[in-house]
Amino acid sequence: MAVNWAERISAFSRSPSRFLSGTTAEAFLAELLRELRDDRASYSVKILLLAPLCEYPTLLCPSDSVGEETALELMSVFDQCPPKSVQFRCHLLLGLISVLICTSCVSGRSRASQDFLDLLLQIAQDTSDLHGDGALRSLRATACDCLRELEACSPGLLSQRLELLSGLRQRETSRLHQAYAGLHTLVLRNAVYQLTQETGAGAEHLKALLGGNTSVAWEAELDSGPTQDEDPAVLSSLILGPMGTVPTLQTGPDCKELRSVLSSLLEESYLLTAPCQAALLHRLTEVVAMVPGVPPAVFRAQLLRLLGTSEVCLFHTTLLMKCAFTDSLFSAEDEAFVLQRLVVLSQHPLLRTPEKLFYTDCILHFPENRPIGCSDGDETLPVLLTPRLASALVPTVFNDSATMLARINLLSLVYLEEGEEGDGEGGRGLAYLYEHLTSLLHIVENRGSRETVVTFFRAAFLFLFYFCHVERYFHNMMEKLSTVYLRHTHLAPHFINLADRTQDKLSESNWAVEFLKALQGVITEAPLAQLTSQDLSRHLKVLARVAEEGEIPQHSTLRFLSSIITPSSSSLCAIGNWRLGNSLLAVCRRLLVHPSLDSLLTPLADILQHLACRYGDTDVQDHARLYYTLLTTLSREKLAAVLAQGSTEGGRQIKKRSLSCIMVESERLTSMLSIHQTEKTIFRLIKAHSEPREGTKTDKESDLIQNETETCPGEASAALELYRAQFDIPGFASDITLNYQLTHTEAEDSRFDQLFSIRVHFSLTDNHYEQLGDISVPCLFRERPSPNVQLRLKPRRPYPTTLHASAIFTTQDGLSWLTTLPHIHVAFQQAFVPLPAPPAWGRRGKLCLFDGLWDEIGSKSGEDQADCATSLFCCPLKEAGLIALVEEHFLPYLLSDRSDKEEFKVLFFLPPQSHVLLKIRSEDPVRFNIATDNWQLLRYISSYLLTITSTQEDAVTDLTGIHLTGSF
């Protein structure tokens, strides 16, 4: 059994969806709970069985009611488990907490959650192992962790147990003291926060809360609802935001009880590990910030230890305390010491790089006692950080990339105000930064690594971002970069990116335009004899970027293009390289929309004509010919409109498909060839209005059939034989057709008002049905009627299922999109099909078949009865309600005469070959006798009957439910 369960649990963990395709979550959960209750199973196997509940609680318990029932079952197992099985009991607690929290039973204040909370508190108070061997200590530790998890997920849950938790913490002398201290601190913080949210709360309420030892106020919270869970502030740090937003509790100076609790916790904090100390101090800082009656000096005794700590988490907590209390706790000398320590730690050789980067970032976000202005989270330097103090952080070429960039950013801020003429520490510092950048550039010139190259360009951007206004460095940087490009053309993407980012961030500076002009100069003036095809391809990419700038003259670019395509200087046209040809066209295309096109018209036309006639690639020739035609026949305004990447309507940019998107390699081409993901659902499938299924006839039609030539099989056995012979034909009556409408969702987005070429793909969530094929819809317009679509399902087992659907479609601008549709739930009754009797049969023949099936199901015994079952459903319906029920739900499947009010005979056929037979008798109560050749359908038909009978006007609310009389 253990090996079998090990394999099943392993298969479930590998792929839960694939595992559940062979069964249902309800059935698998029932198996797990049954095995957990089995005394014959070993505890190692039971621990293994709890893994799915811990890892996938929402999958196995999809609703709160199922979660609560499962929790009650697990608590029953816990009660029956012997105390010696400590490990299994710990895993049971973990399984319980996972189920209750993930199914929202805790936030909903369910009775199972209250029972579980009482159990945890009982375990936490059981100190019988204090003087023993400590075997039960792990159970108490797990219970304490579960309590902390409950409080974290439902803040304020344990607020009435503060005195109890304080006593447990003080009595605990084992290693569990740390867990109790963390729990007590968390509950205290949440309790104080709740008081700040109550109108009129004050010192008396706080005193009562700290001294109370009442039970958890479930009933009171049920009336108001768990509103505290909806406040994001209770789950986040209060002191990370502006301190003016911290809620306060006005208690006056009388806070002796709270001071006593805080002092006790702080005195014991040194016993905890560094992370636990940091968490405890963080929460106590929030408590003191929320209660102005407690002075921040309560932390003074801990401050000396914290200022000298080498633990990152504790130093971070110290900075949070400084942010919260500023000069109320930290003197000017303390502030200077903290800043000096940050500078030292930022370049300490024994620290790891992530820690040093953290300390550097702390300098940029240093909480000053008297901040100048409000930074709102931006990087600002503290007033005390002078150039002399920051000189310890000057970067070197031996620093790693992240450290170097962080130091350059910090020092750039330090030296920013010194400017070009500074002759002090700031002026020398700026010169050093430029020399450092030059050193990096030399490494790049000498074939530095890819990381070095990326670091240099990022450092260059930072330098330009802060100091592009300094004329001396403005031109020097430009000249050096242009020289490097000519020697290392493979860096062209980096140069283009540097120009783009500089232009984006420094819109008031013309450095990017001047830099691109310099690159144009070195490219067009370089000797063609040394030009390789790879260098040419990179040059053309740069020149295409240069051509986007209307301020840069393009005559030198045209001369360069003309020189490289003439036969005397190059064999480029003869080779006919497609990529080079498209690069040439990319430059020409940008020149077609250049502001100075009038002066470029003749040389540009000559180049395009030469490409159209002489280039060795047909595709490039065709595109060049089209460009030439557009240039020579259209006005400048029309040419710009044709080649425009987009237009503006209503203040926003509207993407439109243009001819140029398929002519050259461009960003628009990449966008056209990509499938974009929608942020929201665009359309959905809704059930269409049901129409009478094929085979459904009115009474008049049925009477006509009986009066005309009707073939009757005679005896019931002959009817069964003739009926079943039809299923020898492959695919006979094996599928069902569901009608839906494809309609837009309520969320309106004008981009998706008109959709084309919609392809909907379906995926199954189980193996009850064969895989569905995709369906295609030509178009979907918001202003037009919704198109009808049909889903053809081929059941393997006619059970309810859920289909996942996604769709690919095209919008009016030519872009392709992928969207996810809401899940499609296929109900059990949607699998009903009228009886597929031979076409020549009339009502008598179908009734003969009904009687034969009924007798066969009721008479089978032994192995023949394995799949057959009978059942009885009773419901107090009046005669009018029963007739309305039959006409509304059963008419397509009714075989008996509608005038026979005493007994209705209904037969549901469910592909591929299952039958559900009903004999409905108008008695008190109404009796639904059920017979089926597939016993697994009983639970679904019973649920279906319960649903439809409860909706009738004359139905009584206390339905008697289901009574099974057959054995199966």
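This is a predicted model: local features need pLDDT of at least 70, side-chain atom pairs count only at pLDDT 80 or more; totals for chains, interfaces and linings use all residues.

Biologist: Good to know. How many helices and strands are there in the chain?
Modeller: The chain has 40 helices and 15 strands.

Biologist: And what share of the residues is buried?
Modeller: Of the 968 residues in the chain, 49% are buried. The accessible surface comes to about 46600 Å², and carbon and sulfur atoms hold 51% of that.

Biologist: What about contacts between residues 24 or more positions apart?
Modeller: Those account for 71% of the chain's contacts with a separation of 6 or more.

Biologist: Let's go to the loop you had in mind. Where is P912 found?
Modeller: P912 sits in the loop between β12 (903-910) and β13 (914-921). The peptide bond from P911 to P912 is cis, with omega near 10°.

Biologist: How do β12 and β13 pair?
Modeller: They pair in the antiparallel sense, over eight bridges. A hairpin of three residues joins β12 to β13. To find your place in the pairing, look at F908, which stands opposite V916 in β13.

Biologist: Is β12 enclosed or open to the outside?
Modeller: β12 is largely enclosed by the rest of the structure, because eight of its eight residues are buried. E903, K905, L907 and F909 point one way from the strand, while F904, V906, F908 and L910 point the other way. Both sets are buried.

Biologist: Which other residues are joined by a cis peptide bond?
Modeller: D924 and P925 are, with omega about 5°. P925 lies in the loop between β13 and β14 (926-932).

Biologist: Changing topic, what holds a sheet's strands to each other?
Modeller: Strands of a sheet pair through backbone hydrogen bonds, either parallel or antiparallel. One example here is an open sheet of three strands in the order β4-β5-β8, with antiparallel pairing.

Biologist: Which strands are at its edges?
Modeller: β4 (683-687) and β8 (788-793), since each pairs on one side only. From one strand to the next, the twist averages 40°.

Biologist: How many bridges join β4 to β5?
Modeller: Five bridges join β4 to β5 (residues 736-744), and the two run antiparallel. Within that pairing, I686 stands opposite Q741 in β5.

Biologist: On to a helix, then. What should helix α27 span, going by its residue count?
Modeller: α27 covers residues 511-525, which is 15 residues, so at 1.5 Å a residue the helix should span 21 Å. Its end C-alpha atoms are 21 Å apart, which agrees.

Biologist: Which residues of α27 are buried?
Modeller: They are W511, A512, V513, F515, L516, L519, Q520, G521 and I523.

Biologist: And what covers them?
Modeller: The cover includes α24 (450-467), α25 (471-487), α26 (492-505), α28 (533-546) and α29 (555-565).

Biologist: Last topic: backbone angles. What is phi for T326?
Modeller: T326 has a positive phi of about 45°, although it is not a glycine. T326 is in the loop between α18 (312-325) and α19 (332-346). With a relative accessibility of 21%, T326 counts as partly exposed; the cut-off for buried is under 20%.

Biologist: And what about S757, where does that residue lie?
Modeller: S757 lies in strand β6 (residues 754-764). Phi of S757 is near 50°, again a positive value in a residue other than glycine.

Biologist: Is S757 buried or exposed?
Modeller: S757 is exposed, with a relative accessible area of 52%.

Biologist: Thanks, that helps me find my way around!

Definitions and conventions. Residues are numbered from 1 along each chain as its sequence is written. Side-chain values use heavy atoms; hydrogens and water are left out. Helices (H or I, at least four residues) and strands (E, at least two) are DSSP runs, numbered from the N terminus. The expected span of a helix is 1.5 Å times one less than its number of residues. Buried means under 20% relative accessible area, exposed over 50%, partly exposed in between (1.4 Å probe, protein chains only). Contact means heavy atoms within 4.5 Å. Accessible areas come from the Shrake-Rupley method with a 1.4 Å probe; for residues, only the protein chains shown count as cover. Two strands pair if DSSP finds at least two bridges between them. Axes are lines fitted to C-alpha atoms, for helices over the stretch in contact, and angles run from 0 to 180 degrees between N-to-C directions.
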